[in-house]
Amino acid sequence: MNSYNIAVLAGDGIGPEVMEQALRVLDAAEKKFGFTTVRTACWVGGAGIDHCGRALPAETLVACEAAQAILFGSVGGPKWDTLPPAERPERGALLPLRKHFELYANLRPGICLPELTAASPLKASIVGQGFDILCVRELTGGMYFGEPKFYGEREGEVVALDTLVYKRREVERIAHVAFRAAAARSGRLCSVDKANVLSSSVMWREVFTEIAAQYPQVQLSHLYVDNAAMQLVRNPAQFDVLVTENTFGDILTDEMAVICGSMGMLPSASLGARSSEGFFGLYEPSGGSAPDIAGQGIANPIAQILSMAMMLRYSCAQPAAAEAVEAAVRRAIAAGYRTADLATGAPGEIRVGTAGMGDAVLAAL
Ligand code: IPM
Ligand code: MG
């Protein structure tokens, strides 16, 4: 029997309540597909600060090291916003986890289901029958981690400095992830850079152009990031797979998320090294901890459930279970179940809370 070791880091805000639903769906998937998981629950983020004195407690890191995958909820909230920036839950937990495990490949699907097009802020004429984009974001390089970083006084002036740096091999490895992803989909890959201004982007574009020769089945195109941001709201359906560096990816994936209708629908996978079992990965919803609605039982658990499905696919070698969970989510949506973030008041909608959406997905599974 296949058994997988998972670190469960529910975190703050809506994290624990949406995680509860994802774990219920995981229980059902295990029964249906004949595998088991050993789950270790750990504190992280604000909860880590409150219980252990830091956003990423040492014992949490130890549990993650012993695991094949990290199922992550969300971190942060107003309670910890007055801490120095580097100690806050977001920078104190998420960024060190990404760096520690070299989770360099961040896959963010942006799917606007045909049933949910009315929830998108885009005009009906633009959103059409919905769209399905995958953004591959480089996650451990660029300005987030580049050295030097500095904020202080220099020669009598206050100066702040970040460094956008990429090594060629960092670009090469994310390029291979993106080309493989595109080859497995429609074969269209759009690389996003700022090669008209940035040296790092000039190298990025050269590397992608060179590696394209190894993937004749993939059609590579390039866009400058400002144009890409515009094209996303003008005609999102033109894109299949987008690939870009860390900071551009951060910005474009939020844009992608909002045009899909709700952040509450979008999962993500951050992948590192590959073993025979699959990738080591961290799986988290694209939306944040949503402190404004935490604890009310109204948050949409679908992003967390779909993140769990991505974990089954990439870290647990259970692709059939992953597909079944994804299909169950689509069936629950097609049946009309809507949490508050998805509701438009259209006839046929069945308003549910967090647990109710969990029930609907379980029933569909
Ligand atoms: C994301 C988030 C993080 C990032 C923050 C919380 C550090 O915005 O995952 O997109 O900037 O990468
Ligand atoms: Mg972001």
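1. Helices H11 and H12 meet through Ala328, Val329, Arg331, Ala332 and Ile333 on the H11 side and Met357, Ala360, Val361 and Ala364 on the H12 side; contact here means heavy atoms within 4.5 Å. The contact residues comprise 8 nonpolar, no polar and 1 charged, with Ala, Val, Leu, Ile, Met, Phe, Trp, Tyr, Cys and Pro counted as nonpolar, Asp, Glu, Lys and Arg as charged, and the others, Gly among them, as polar.

2. This is a predicted model, in which local features need pLDDT of at least 70 and side-chain atom pairs count only at pLDDT 80 or more, while totals for chains, interfaces and linings use all residues. Residues are numbered from 1 along each chain as its sequence is written, chains are lettered from A and ligands numbered from 1 in the order in which they are written, and side-chain values use heavy atoms, leaving out hydrogens and water.

3. Around ligand 1 stand Glu90, Arg98, Arg108, Arg137, Tyr144 and Asp250, each with a heavy atom within 4 Å of the ligand. Polar side-chain atoms of Arg98 and Tyr144 lie 2.7 Å and 2.5 Å, respectively, from an oxygen atom of ligand 1. For Arg108, an N or O atom of the side chain is 2.7 Å from a ligand oxygen. Taken alone, ligand 1 exposes 320 Å², and the protein buries 74% of that (Shrake-Rupley method, 1.4 Å probe).

4. The peptide bond from Glu147 to Pro148 is cis, with omega near 0°. Pro148 sits in the loop between strand S5 (131-138) and strand S6 (150-154); strands are DSSP runs (E, at least two residues), and helices are runs of H or I with at least four.

5. Glu102 is not a glycine, yet has a positive phi of about 45°. Glu102 belongs to the loop between helix H4 (89-100) and strand S4 (105-112).

Notes. A polar contact is a pair of N or O atoms within 3.5 Å; within protein, one must be able to donate a hydrogen and the other to accept it, and residues adjacent in sequence count only if both atoms are side-chain atoms.
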